[in-house]
Amino acid sequence: MDQATIRRLSDDATQVLLNKTGTTSSFRGGWMMIATILIEAWDLYAISFVLVFISAEYHPNAAELGLITAGVQGGALIGALIGGFVADKLGRKAVFILTMVLFIVLALVQGFSVGVWDLIIVRFLIGIPLGSDISNGYAYIMESMSKGAREVMGSRWQFMFGLGEVFSIVVITIMYASGMDHRILWRVALAIGAVPALILLLARLNLPETPMSLIHRGQFVKAKEVSQRLFDDPLEMLPNQDVEIEKPKVSDFLKVIWADRIKRRATIFGWISNACQGAEFTAFGFYLPVILVTAGVGVAGSGSSSNITGTNLVTAAIYVLATISGFVAPIMISKIGHKGVAMWGFGLAFLGLLVGAFALGANIKWLIVIGACVLMWGHYWDASNGMTITSMVAPARFRATASGFGYVFVKGASFFGAFIFPVMTAAWGKVGATLAVSVLSLIGFLSAWLILPELYGYVDQEERTATGAGRA
């Protein structure tokens, strides 16, 4: 069979799968992939609640403090690129099993660090499997679920982030209130992320490879079998034999995306959105517990006798609201579209940051909390669909690469935001740094308004002529 015939058959099968109704198995697989966000949220945000204890033990300078918080983001940036490329070459299942095993081991190791640079290095390494798993997981969702359902599931990542954040706050606050030695508390808080990761790994072992990944690697026999399991369709158009198929190049991915107006505009927006929301949150939201403590919100007592349980409870309440926002965002996509959710999200985040900056300058504690609430509600909308969009418009044979490339913008901006915010705060004060972050939300709003085409219900219809995609 020549390559043109193989490509035509694989594209025909892909179109059938993209328009099929999923089964219970495909729905379960989608949840297993999006659940990775819980693991990432725990590791990313547990550190923000124990940073004060790490600082007390290791006494890091400003740069080291920034690297402790941003290390995972930097590793995830590399992991997103590596994981997406490898997943397109070797398949989804091999990658999502390997990444969870690596995370379990590294999560435990970070609890035994003996110095600040040990911790920085391990946290950087932890980011690699996390970034790989996210890029691979989005490809799995887009390939294993039905039209409409895959968009909703992909946009649930902020809901899962919220759950992970609330869970980390509650557990760490309980440990703090119990009187646990702070030198042990932060180590347990970081290492305990291995427990949900192990549970997720065991739950994933029985998941199949996606049929589209198998198709575009020439494994037609297995693809027909898995398609029957996930979509109740044996893909009769495919021959009952495996074939050698030409491997796509990264340069081909960029050419296909750039050749079609909808793919190009959607992808550009996705990159901008991912970068803006990543820096928007990690700059201000990530340091929210520290901001609230220094502003005296919820703090009882003073000096070494101060009690931050009240601050943690306020932070938990804010994240509960954010989790509700993350739950609502996917529902709203079907009502106001991807464009509407993005515009409302970035608009509210911009407003919340402006209110927060004013409240910090005027030292109005209750208004600081209001500003944080508005920011978090908006952020959990504007961050909900960037990854979904970049993954959804990409051709199946490049999907993990596209997801990984899109996630690079999240993690690159997150690394920058987490590292630079303490520096900006030291140079410009909390008000100036917060106003600087608000510019990112404004950029996100303008890009949603001026660049993003409406994509709800989009189905990729790549043609071999490179004219690209269509809508259904």
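Predicted model: local features only at pLDDT ≥ 70, side-chain atom pairs only at ≥ 80, totals over all residues.
**From one residue to the whole chain**

F124 has its place in helix α6.

F124 belongs to a nonpolar patch on the surface, together with I78, L81, I82, W117, I121 and L125. The accessible area of these residues together is about 600 Å². Two helices, α4 (62-90) and α6 (116-144), each supply at least two residues of the patch. The largest share is that of α6, with four residues.

Another helix, α17, covers residues 365-382. Of its 18 residues, 13 are buried, so that the helix is mostly covered under the cut-off of 20% relative accessible area. At 1.5 Å a residue α17 should span 26 Å, and its end C-alpha atoms are 26 Å apart, which agrees.

The chain as a whole has 19 helices and zero strands. Its radius of gyration is 22 Å, close to the 23 Å that the globule rule gives for 472 residues, so the chain is as compact as a globular protein of that length. Along the principal axes, the C-alpha atoms fill a box of roughly 75 × 45 × 35 Å.

Of the 472 residues, 58% count as buried. The accessible surface of the chain is about 17000 Å², and carbon and sulfur atoms hold 70% of that area. Among contacts with a separation of 6 or more, 81% join residues 24 or more positions apart.

Methods: Residues numbered from 1 in each chain as written. Heavy atoms only, no water. Patch = residues over 30% accessible without salt bridge, like charges linked within 9 Å, V, L, I, M, F, W, Y side chains within 5 Å. Areas by Shrake-Rupley, 256 points an atom, 1.4 Å probe, with all protein chains shown as cover. Salt bridge = Lys/Arg side-chain N within 4 Å of Asp/Glu carboxyl O. Expected span 1.5 Å × (residues − 1). Buried < 20%, exposed > 50% of the residue type's maximum accessible area, 1.4 Å probe, protein only. Rg over C-alpha atoms; globule rule 2.2 N^0.38 Å. Contact = heavy atoms within 4.5 Å.
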